[in-house]
Amino acid sequence: MYTFQSQVRYSELDADRKLSIASIVDYFQDCSTFQSEELGVGIEYLERVGMLWVMSYWQIVIDRYPGLCERITVGTFPYDFKSFLGFRNFFIADEAGKKIVRANSIWTLIDVHTGLPARPTREMTDAYRLEEKLDMTYEPRKIRFDRTGEKHPAFYVGKQHLDSNHHVNNGQYIHMAQDYLPEGFEIGQMRAEYKKSALLNDCIVPEAFTEEDRVGVSLCDVSGQPYAIVEFRRKARG
């Protein structure tokens, strides 16, 4: 397991002065990157072997949002490898050690020369120590909607959406999808299914699906094929 401590910053808050879902994703991405770098199988190693980990799926469950100046612990660990897939849990714990945010993620290892999935190297499987998966309800990877969505005006991918791999960063899709949430919708769970990578100047056509306690956004290309599908579930009122 890898952990690091932080204090919630003003720049990480949403309009309700709580840690935003986008900032939660940023913390988790940073945490896994820190672990990989510490173990010697980070960005430079992946460049050397011609491979790239691509996010395929997120499930993030929020029991409580941390607030401004709150001290938190962010943690991650892998719990399984299956062929070219890597499975990783994340969490945020409060000062008492209670896990207030938990997450599951699935990653696909890609050979950058062929664009095809690849199995992890021996160095990778030796570096990561697998641990018992978190106690949480694991939702299916596929996100489906039974009704037709409402299409919204298209927009184009800008440089601010890209990461170091020159693809739209997986957290940016969540930023985009949040624009279609109704006012006052507090997120209790977020799932994201990633289909293909959007690049600079690609056109994205959003389609929103709204139910009472569930909102989905399919971020599609001009032919209607999704780059990513994001689902938000309303937080239960306690």
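In which loop is C69 found? C69 sits in the loop between β2 (51-62) and β3 (71-82), where helices (H or I, at least four residues) and strands (E, at least two) are DSSP runs numbered from the N terminus. Before we go on, please note that this is a predicted model: local features need pLDDT of at least 70, side-chain atom pairs count only at pLDDT 80 or more, and totals for chains, interfaces and linings use all residues. Residues are numbered from 1 along each chain as its sequence is written, and side-chain values use heavy atoms, with hydrogens and water left out.

Let us stay with C69 for a moment. Although C69 is not a glycine, its phi is positive, about 70°. C69 is partly exposed, with a relative accessible area of 45%; here buried means under 20% relative accessible area, exposed over 50%, and partly exposed in between (1.4 Å probe, protein chains only). R17 also has a positive phi, of about 60°, without being a glycine. You will find R17 in the loop between β1 (2-7) and α1 (21-38), and R17 is exposed, with a relative accessible area of 63%.

Now step back to the whole chain. Its secondary structure comes to four helices and 11 strands. A compact globule of 238 residues would have a radius of gyration near 18 Å, and the chain agrees with this at 18 Å; the radius is taken over C-alpha atoms, and the globule rule is 2.2 Å times the number of residues to the power 0.38. The C-alpha atoms fill a box of roughly 45 × 45 × 30 Å along the principal axes. Of the contacts with a separation of 6 or more, 72% join residues 24 or more positions apart, a contact being heavy atoms within 4.5 Å.

Inside, 54% of the 238 residues are buried. The largest nonpolar core has 57 residues, of which I24, F28, W58, I60 and M190 touch the most other members. Such a core is a set of buried Ala, Val, Leu, Ile, Met, Phe, Trp, Tyr and Cys residues joined through side-chain atoms within 4.5 Å. Leaving out residues up to four places away in sequence, M190 touches I21, V25, W58, Q59, I60, I174, V230, E231 and F232.
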